[in-house]
Amino acid sequence: MKITKNKSILSLLAFTAVAILLSSCGSDKKEKEEQDATVKQANAIDTPTVTLVPVKKGKLNSVISVPGELVPYQEVDLFAKINSYVKKLNVDIGSEVHQGQLLATLEAPEINSQLASAKSKIEQQKAIFFASKATYDRLLSTSKTPGTVSQNDLEQAEAKKNSDEANVEAAKSDYNGVAANLSYLQIKAPFDGVVTARNVNLGAYVGPGGSGNVPLFVVQDQNRMRLVISIPESSTGGLNDKDIVTFSIKSNPTKKYKAQVKRLAGALDVKLRSERLEMDVYNKDKELLPHMFAEVDVPLPSRDNTIILPKSAVVTSTEKVFVIKVVDHKAQWVDVKKGLTSGDMIEIYGGVQPGDMIVKQATEEIRDGSTVKDSEATESAPAAKKDSTVSKAK
């Protein structure tokens, strides 16, 4: 019985020793794995693995979207030139009018009295002129007899006649000026268009001193309109009057309209630093209304022999814009400038040449001068080693 008890104690001690040994081995293995992971992580930070892309030259087509506005090709505010009253209105808001059509008739009773006064002044000046002319003619006839009329008296009579004749012409001019005011009492359309505003009613007092300096009518030419946009300075180079743009409006966003560039400002706006472009849009179906906003797609001119890279290869920091070039596994920050963009590609200008290897996914974490690994080289190394092992086994 004592022997059996001793055997049990020995078995228990052996089991405990094995458990301690296994636990120690597992702990050492886990600790080693953690150390290996830490080392790998440190190596990844110190020597990051990157994907490289070669620098190439190419041609990039790009389109930018800019807001635009549809404005009437012609628009005019019609005012009354002289103080008067509205006698008759022939059109209203929405009326389509033609050039020279009578829109409204005004009346100014004092114009008639001014006209009569100017006419009577002409008759008065004519009478004075006829009298001075008759005096001059008699003196001229008498002067043919030597010694009867002095030369001075004859010259004075001629000067008086010429002065009175000039007064007659001045009176006629005054009359014509007053008569011209009668034409201002008729408000006519200057071109074919649509009346979009009427700000007066019958009997209203209008003119420089009335109606609060508000136009009687606003007439717009809506058959043809101007699509006006502003192109940023960086995108103005190479645009010409043969480019075609497409645009859409909010009321019908699914429909695309086309228009050709007709006018370029040829200069930048001082405040916006952009160039004004205008396109003519023909509105035969009356689908477009003046002062609608439009979303305009403008094709930008493509440039040959420019450096093109993925957008992810260009880093924009608070200090500069750069790409990361890799030379002998060393990262080099190279300052560049951005150009046109199209999809995932972008033009750059700077100290890179075709054939240079650039980090595809560039970040500020890849420091200038740090060592990097090429991901393709890293992936191909284990495969080559494996192939070598297989050949050796054979």
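Val195 stands opposite Val219 in β11. The two residues belong to a predicted model, in which local features need pLDDT of at least 70, side-chain atom pairs count only at pLDDT 80 or more, and totals for chains, interfaces and linings use all residues. Residues are numbered from 1 along each chain as its sequence is written, and side-chain values use heavy atoms, with hydrogens and water left out.

Strand β9 (residues 193–198) pairs with β11 in the antiparallel sense, over four bridges. Strands are DSSP runs of E with at least two residues, helices are runs of H or I with at least four, and both are numbered from the N terminus. Two strands count as paired if DSSP finds at least two bridges between them. Strand β4 (residues 62–78) also pairs with β11, antiparallel, over 10 bridges. Here Glu69 has Val228 of β11 as its bridge partner. Strand β14 (residues 274–282) pairs with β11 in the antiparallel sense over nine bridges. In β14, Ser274 is the bridge partner of Pro232. Strand β11 (residues 217–232) is largely enclosed by the rest of the structure, because 12 of its 16 residues are buried. Buried means under 20% relative accessible area, exposed over 50%, and partly exposed in between (1.4 Å probe, protein chains only).

Aromatic contacts were examined next. A pair of aromatic rings is described by the distance of the centres and the angle of the planes. The structure holds four aromatic pairs. Rings of Phe, Tyr and Trp (its six-membered ring) pair if their centres lie within 6.5 Å; planes under 30 degrees apart count as stacked, over 60 as edge-to-face and the rest as tilted. One of the pairs joins Tyr85 and Tyr205, tilted, at 5.2 Å centre to centre with 50° between the planes. This pair links distant parts of the chain: Tyr85 is in strand β5 (residues 84–89) and Tyr205 in strand β10 (residues 205–206), 120 residues apart. Tyr85 is partly exposed, at 39% relative accessible area. Tyr205 is partly exposed too, at 36%. The rings of Phe247 and Tyr257 are stacked, because their planes stand at 20° with the centres 5.2 Å apart. Phe247 lies in strand β12 (residues 244–249) and Tyr257 in strand β13 (residues 252–268), 10 residues apart. Both Phe247 and Tyr257 are buried.

Charges also sit over rings. The criterion is NZ of Lys or CZ of Arg within 6 Å of the ring centre and within 35 degrees of the ring normal. Arg224 lies over the face of Tyr73, 3.6 Å from the ring centre. The charged end of Lys320 sits over the ring of Phe322, 5.8 Å from its centre.

Helix α2 (residues 109–142) has 34 residues, which should span 50 Å at 1.5 Å a residue. The expected span is 1.5 Å times one less than the number of residues. The end C-alpha atoms are 51 Å apart, which agrees. Buried residues of α2 include Ile111, Leu115, Phe129 and Tyr136. Helix α3 (151–183) is among the elements that cover the buried residues of α2.

Ser370 lies in the loop between β21 (357–359) and β22 (373–374). Ser370 is buried, with a relative accessible area of 18%. Its side chain reaches the backbone oxygen of Arg367 at 2.7 Å. Ser370 touches His329, Lys330 and Ala331 (heavy atoms within 4.5 Å), not counting residues up to four places away in sequence.

Key:
Polar contact = N/O pair within 3.5 Å; in protein donor to acceptor, adjacent residues only side chain to side chain.
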